[in-house]
Amino acid sequence: MASLMTGNGGICRLCLQVHCNDFETIDHTIAVILNILNLTMDLAISDEPVMCKNCSRSVKMAFDFKSTCLFTEELVMLFARHQQTSHFHLKDVYKELKSLVTANDSVCRFCMTCSETSNFLCLDVMKEEGLVSQKMLDLYLPEIDYNILELLVCRPCVRSLVSYLKFATVCATTEETITKNYGRIHTNSQDLVALNRMFCKKNKDECGILRKRTLKIRKKEL
Ligand SMILES: [Zn+2]
Ligand SMILES: [Zn+2]
């Protein structure tokens with residue numbers, strides 16, 4: 001099968017933007033993290049895939065956020081197992097594992113921060129406002145039990161969640177673009193293809209840089 005050399009062209013494998021020098025290699029560790037983030041990327045399709053600094057920052061932030069979510073989920077599951085019920089408030093978990101919660105306080109579903117209820121957004125309101133959808137949550141945070149009573153989200157988690165899902169959408173769009181173009185190029189069975197044509201439609205500003213490069217497609221047996 002052919003292999004797309006996007007890395008050497010300075011094209012970020014995650015967002016498909018051109019970054020001449022400012023990028024880093026997507027190594028095994030990053031690949032594992034992308035997997036934990038449920039960002040399904042066929043990294044084997046690219047020779048030496050790289051990511052830009054913006055994507056690197058997004059990966060780190062999303063990973064920090066998801067790690068916190070998974071840790072919270074472990075505590076919640078422990079509590080549910082111990083209490084042998086799935087109908088409880090996060091306040092109950094917080095009281096059991098950390099400390100007392102006043103009547104005016106609430107607990108964040110994702111990070112278990114306890115604060116005044118006015119500092120939280122309801123997950124349902126976030127959905128109504130189009131900030132998140134259940135489909136996206138099921139895709140990228142399927143580990144979380146959304147049936148727990150009172151799903152409230154603290155402000156930092158609102159920002160982290162929205163950024164994570166936005167970044168996940170960018171990655172999914174990239175995957176779609178590459179899959180679509182890869183299929184077309186593969187059927188041409190050429191040894192050398194200027195992939196700049198593939199990306200010119202996306203961003204005309206990038207053409208000047210990309211035109212100088214001819215990215216190779218190499219035939220490779222899988
Ligand atoms: Zn990028
Ligand atoms: Zn939070």
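**Burial and packing in a predicted model**

Of the protein's 222 residues, 31% count as buried (20 or more other C-beta atoms within 10 Å of a residue's own, C-beta atoms being placed from the backbone). This is a predicted model, in which local features need pLDDT of at least 70 and side-chain atom pairs count only at pLDDT 80 or more, while totals for chains, interfaces and linings use all residues. Residues are numbered from 1 along each chain as its sequence is written.

Q: How many helices and strands are there in the protein?
A: Helices (H or I, at least four residues) and strands (E, at least two) are DSSP runs, numbered from the N terminus. By this assignment, the protein has eight helices and eight strands.

Q: Why are the buried residues of helix 3 on the same side of the helix?
A: Helix 3 spans residues 90–97, and its residues Leu 90, Val 93 and Tyr 94 are buried. They lie on the same side of helix 3 because the arc they cover around the axis, taken from the directions from the helix axis to the C-beta atoms, is only 100°.

Q: Which elements do the buried residues of helix 3 pack against?
A: Contact requires C-beta atoms, placed from the backbone, within 7 Å. The partners are helix 2 (53–83), strand 4 (105–107) and strand 5 (114–116).

Q: Is Tyr 164 buried or exposed?
A: Tyr 164 is found in helix 6 (residues 155–188). Because 26 other C-beta atoms lie within 10 Å, Tyr 164 is buried.

Q: Which residues does Tyr 164 touch, not counting residues up to four places away in sequence?
A: Tyr 140 is 24 residues from Tyr 164 in sequence and 8.6 Å away in space, C-alpha to C-alpha. The residues touched by Tyr 164, with that exclusion, are Ala 62, Phe 65 and Tyr 140.

Methods. Chains are lettered from A and ligands numbered from 1 in the order in which they are written. A residue is buried if 20 or more other C-beta atoms lie within 10 Å of its own, exposed if 12 or fewer, and partly exposed in between; C-beta atoms are placed from the backbone. Two residues are in contact if their C-beta atoms, placed from the backbone, lie within 7 Å.
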